[in-house]
Amino acid sequence: MLLPVGSIAGSVFNDLNEDGIRNPNDTPRSGVTVRLIDPDSKAVLATQTTDQKGGYVFGDLLPGTFRVLFESPNGLLFTDRDVGNDDKLDSRSEEHTSE
């Protein structure tokens with residue numbers, strides 16, 4: 001029996017007006033480290049770096065539950081999370097800063 005595979009994808013943006021919602025003037029953020037985490041073991045399953053358009057993709061995933069953590073670039077803070085009524089536009093980030 002073959003199991004279906006899926007993917008997790010998204011993008012990172014500079015929230016220029018700091019409202020937690022992607023607006024037309026917000027710019028993509030390249031070079032951000034994004035980690036795919038097993039929520040039970042806390043193991044890092046994969047790591048990506050956002051491309052020039054701020055995008056990342058974790059592909060060929062078997063069914064399961066995952067966490068996606070973003071590493072804050074030096075000197076930058078995460079914007080507010082889950083603001084507004086449109087999950088396609090608001091920030092869904094979960095902060096992780098390396099030490």
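Me: What should I know before I start?
Reply: The model is predicted: local features need pLDDT of at least 70, side-chain atom pairs count only at pLDDT 80 or more, and totals for chains, interfaces and linings use all residues. Residues are numbered from 1 along each chain as its sequence is written, and side-chain values use heavy atoms, with hydrogens and water left out.

Me: How many helices and strands does the chain have?
Reply: Helices (H or I, at least four residues) and strands (E, at least two) are DSSP runs, numbered from the N terminus. Here there are 0 helices and 8 strands. Along the sequence the pattern reads β-β-β-β-β-β-β-β.

Me: What share of the residues counts as buried?
Reply: Buried means under 20% relative accessible area, exposed over 50%, and partly exposed in between, with a 1.4 Å probe and protein chains only. Of the 99 residues, 24% count as buried. For area, the Shrake-Rupley method is used with a 1.4 Å probe; for residues, only the protein chains shown count as cover. The chain exposes about 6,900 Å². Carbon and sulfur atoms supply 49% of that area.

Me: Which residues form the largest nonpolar core?
Reply: In soluble globular proteins, nonpolar side chains tend to be buried together. A nonpolar core is a set of buried Ala, Val, Leu, Ile, Met, Phe, Trp, Tyr and Cys residues joined through side-chain atoms within 4.5 Å. The largest one here has 9 residues: Val12, Val32, Val34, Leu36, Tyr56, Phe58, Leu61, Val68 and Phe70. Strand 6 has the largest share, with 3 residues.

Me: What is leucine 61 in contact with?
Reply: Contact means heavy atoms within 4.5 Å. Leaving aside neighbours within four places in sequence, leucine 61 touches Pro4, Val5, Gly6, Ser7, Ile8, Leu36 and Phe66. Across the chain, among contacts between residues at least 6 apart, 53% join residues at least 24 apart.

Me: How many salt bridges are there?
Reply: Side chains of opposite charge can pair when their charged atoms come close. A salt bridge is a side-chain nitrogen of Lys or Arg within 4 Å of a carboxyl oxygen of Asp or Glu. The count is 1. Glutamate 71 pairs with arginine 35, and the closest N and O atoms are 2.8 Å apart. Glutamate 71 lies in strand 7 and arginine 35 in strand 4, 36 residues apart.

Me: Is glutamate 71 buried or exposed?
Reply: Glutamate 71 counts as buried because its relative accessibility is 19%.

Me: How is an aromatic pair described?
Reply: By the distance of the ring centres and the angle of the planes. Rings of Phe, Tyr and Trp (its six-membered ring) pair if their centres lie within 6.5 Å; planes under 30 degrees apart count as stacked, over 60 as edge-to-face and the rest as tilted. The count here is 2. Tyrosine 56 and phenylalanine 70 are edge-to-face, at 5.7 Å centre to centre and 75° between the planes. Both residues are buried. Ring pairs link Tyr56, Phe58 and Phe70 into a cluster.

Me: Where is glutamate 18 placed?
Reply: Glutamate 18 sits in the loop between strand 2 (13-14) and strand 3 (27-28). Its phi is positive, about 55°, although it is not a glycine. Glutamate 18 is exposed, because its relative accessible area is 64%.
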